[in-house]
Amino acid sequence: MDTIAPSGLQPEERASSCLQEDVPSDSSELVQKCLQQFKVTRKQLQQIQVSLLRSMEQALMEQNNPAPAVRMLPTYVGSTPHGTEQGDFLVLELGATGASLRVLWVTLTGTEEHRVEPRSQEFVIPQEVVLGSGQQLFDFAACCLSEFLDAHPVGNQDLKLGFSFSFPCHQTGLDKSTLISWTKGFKCSGVEGHDVVQLLRDAIQRQGTYNIDVVAVVNDTVGTMMGCELGAGPCEVGLIVDTGTNACYMEEARHVAALDEDRGRTCVSIEWGSFNDDGALGPVMTIFDHALDYESLNPGAQRFEKMIGGLYLGELVRLVLAHLAQHGVLFGGCTSPALLSRGSILLEHVVEMEDPFTGAAHVHAVLQDLDLSPQASDAELVQHVCAAVCTRAAQLCAAALAAVLSRLQHSREQQTLQVAVATGGQVFEVHPRFRSILKEMVMLLVPECDVSFIPAVDGGGQGVAMVTAVAARLAAHRHLLEETLAPFQLNCQQLIVVQAQMREAMIRGLQGEASSLRMLPTYVRATPDGSERGDFLALDLGGTNFRVLLVRVAKGSVQITNQVYSIPECVAQGSGQELFDHIVDCIVDFQQRQGLSGQSLPLGFTFSFPCKQLGLDQGILLNWTKGFNASGCEGQDVVCLLREAIGRRQAVELNVVAIVNDTVGTMMSCGYDDPHCEMGLIVGTGTNACYMEELRNVASVAGDSGYMCINMEWGAFGDDGSLSMLSTCFDASVDQASINPGKQRFEKMISGMYLGEIVRHILLHLTSLGVLFQGQQTQCLQTRDIFKTKFLSEIESDSLALRQVRAILEDLGLTLTSDDALMVLEVCQAVSRRAAQLCGAGVAAVVEKIRENRGLEELTVSVGVDGTLYKLHPHFSSLVSATVRKLAPHCTVTFLQSEDGSGKGAALVTAVACRLAQTTRV
Ligand code: G6P
Ligand code: BGC
Ligand code: BGC
């Protein structure tokens, strides 16, 4: 090992060659020079602290140019332990302490006072397994688990396992983690880039002896942090110096770009072992560090770890001793094959040799084991070398920890910081001075931080069990959530059944037989042909807003002026006379505003409720829906009621020409621009559809040719119980609480008036199960209609991060975690998805009917659509189209969102009526 040579040499040759540099002739000077290399100045440590902090912040913000020197991996552990975690858990630790794994049985009692000593067993992993295939390694782990359970029978309770896997992993959930790269002497094939939880599950399956549920995977630093004694206050940093080294800490979630979070904290595994910023580390890396790195399984990687980790300290000492021996300074210039072979000096040897009391004796014992015959003076020198290597390791670790503490100060905008650091790992446990050197240097580097070091309880096993308890709780909650939402996941078969049932109900309704679909003729026989002309008044009642419109129909253009008026609940649920007087008041107000007073323009009345029409201007209200319940109207001709109200108002003259349903108005409105538009669909406060049916199929209206627009009143579909197979207990609760129980069942599963309520009932149910809001039932969630359907549209909007979901829910006075917000989002998605699919099944039934009516292979048709839910919900319309494409593959259906609402449609129906009346008069 004499000269420094260019690359291309074998590692050994390279390693020994890099130890060759201009070697001073005087031995003590050589010794000093060697040991001097391990002296790291305060300034250099501060540079490492600053550079590591910079890399940490860069990685947090996912700035990858240049690639950050550390990874900052989110661990999905969102809170330090509450201490309330309970239960028995299996823990499998792999990779923390070198080529061994440990199985523990940990009982969490949920109380600080009462602690149950965990049962554990250690298993040495054969080298051929550490360097073999991944399957071998995980089969070995599964075998150890069985052996442990054979030796420690735990009865037939559920076996929930927490997997402490101490290698850099990309986690995408508490139980999903992909290995980035092996470290610390492990090099199993077929694992990097794979989900290690799945690999363990597969191995346990192959083993087939115990049914073990792997519910969480954590990095050993996280287990250490989570396992520290609560008395000392939650530890917010976990620090490991074992075979390898790493730390984790609780970062403000909003600073972690990879997470869509803005509240609370989340645990981040720094993976500082890969810190290799040349600028900061270059000056402190010795020729021995380079030699060790060249020789390692992963040259160029984990360079910081190779200066601190217990797997490497012994090797560094060996390289220095070999170097000094070869230069005649030690052991009389003698070496031995053992001294020259890698890994012959281990951490425990260094610790023994450093022992202030028995060190010297141990030096002799260790060197003799290396077939060396040390002289008296050698022992002290060897101890100096051990001390130099370990002191530097502790100081470098201190600089890294100081960077973490500075980061905590930054992220919490605190000048001073009081924090507890949980420590774990052999180097901490066995090295006599490591902890004190580290403490001392941390206080020098971050004097404004008051740091307490808390040794982890049983090496982090308790902490892993804590995380497993949290994961098990979340997994149980997820299971309850999926169970609760399962009835809302409609499969294709169920939708085909709905489509077929709707089809049959349509035919029965058209033939006047008993059916939940009334299939009401509307006396609209044609869609507009563009020849309509004139000024028309239109009313639009039944949606979110009541509008009065002036519609000017000219050649190729329709001009609309409208005014929105409110219908107070007391009027909507008062007397019919009050309601219609209120309507006339609004008309008069509108006429005055538009300077139309005294003019008697033809009026089209969009009345969005089920009416049996006897003619274009005659409509008997069958029953109110959507929260309306004005007395004395059902069974009455609402055109008469309007005319009577006009009659009650002096000096007002109006010519009510047509009453149309909003679906018809919407179809006509869109049909004005697209002649293919033969269906109208409303998904708003309520829901309904109409379409152009062959007159020959309409039993209640004479005539065999031509068309008749049929108002299906599909909101009532299923009122005969035909939807009970899909109805859930939540639908039943909403129905029972409505002012028309048992009615409008299809509407109550689809439309805006009800979706929010369905969600609220599900949230109440999940809260009662303890799945949401920590089981805290709140007054606000008990309040009817407090969860508006528009919240679904807001919460499900892709651009809305979870944090905004929380904001909406917190405005409702709910205190929630991000897991809660995620579950509420899933509840909203399930409810709106079902609504859109059912609506899609309905549209598919109608367009298929039109296609078959016309005996067509393929049908091209457009559907005019309106309604707040359809228009504002981010996914509703696309889910409806997707369902129609699946259920009516021979129909090309275009959905036209109506811009002007159905008022225009009502005016066009009126215009057609006036034109027809004119032609008949002529
Ligand atoms: C538009 C139409 C109304 C219809 C309403 C339904 O506003 O002009 O005739 O009743 O949509 O949607 P909504 O969400 O208001 O209930
Ligand atoms: C791994 C870390 C681990 C550390 C301590 C490193 O080699 O990359 O994930 O926390 O060792 O075991
Ligand atoms: C009414 C229909 C109306 C639909 C959409 C339903 O409640 O019964 O007539 O078309 O709401 O507004």
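Tutor: We shall discuss a ligand site and then a helix pair. This is a predicted model, in which local features need pLDDT of at least 70 and side-chain atom pairs count only at pLDDT 80 or more, while totals for chains, interfaces and linings use all residues. Residues are numbered from 1 along each chain as its sequence is written, chains are lettered from A and ligands numbered from 1 in the order in which they are written, and side-chain values use heavy atoms, with hydrogens and water left out.

Student: How many residues surround ligand 2?
Tutor: There are 15 around ligand 2 (a heavy atom within 4 Å). The closest are Thr183, Asn219, Asp220, Glu271 and Glu305.

Student: Which atom of Thr183 lies 2.7 Å from an oxygen atom of ligand 2?
Tutor: A polar side-chain atom of Thr183 does (a polar contact is a pair of N or O atoms within 3.5 Å). A side-chain N or O atom of Glu305 is 2.7 Å from an oxygen atom of ligand 2. For Ser166, a backbone N or O atom lies 3.5 Å from a ligand 2 oxygen.

Student: Turning to helices, at what angle do α5 and α6 pack?
Tutor: Helix α5 (residues 134–151) and helix α6 (residues 196–207), both DSSP runs of H or I with at least four residues, pack at about 60° with axes 8 Å apart. Axes are lines fitted to C-alpha atoms over the stretch in contact, and angles run from 0 to 180 degrees between N-to-C directions.

Student: What is that orientation called?
Tutor: α5 and α6 are therefore oblique to each other; angles under 35 degrees count as roughly parallel, over 145 as roughly antiparallel, 65 to 115 as roughly perpendicular and the rest as oblique.

How values were computed: A polar contact is a pair of N or O atoms within 3.5 Å; within protein, one must be able to donate a hydrogen and the other to accept it, and residues adjacent in sequence count only if both atoms are side-chain atoms. Helices (H or I, at least four residues) and strands (E, at least two) are DSSP runs, numbered from the N terminus.
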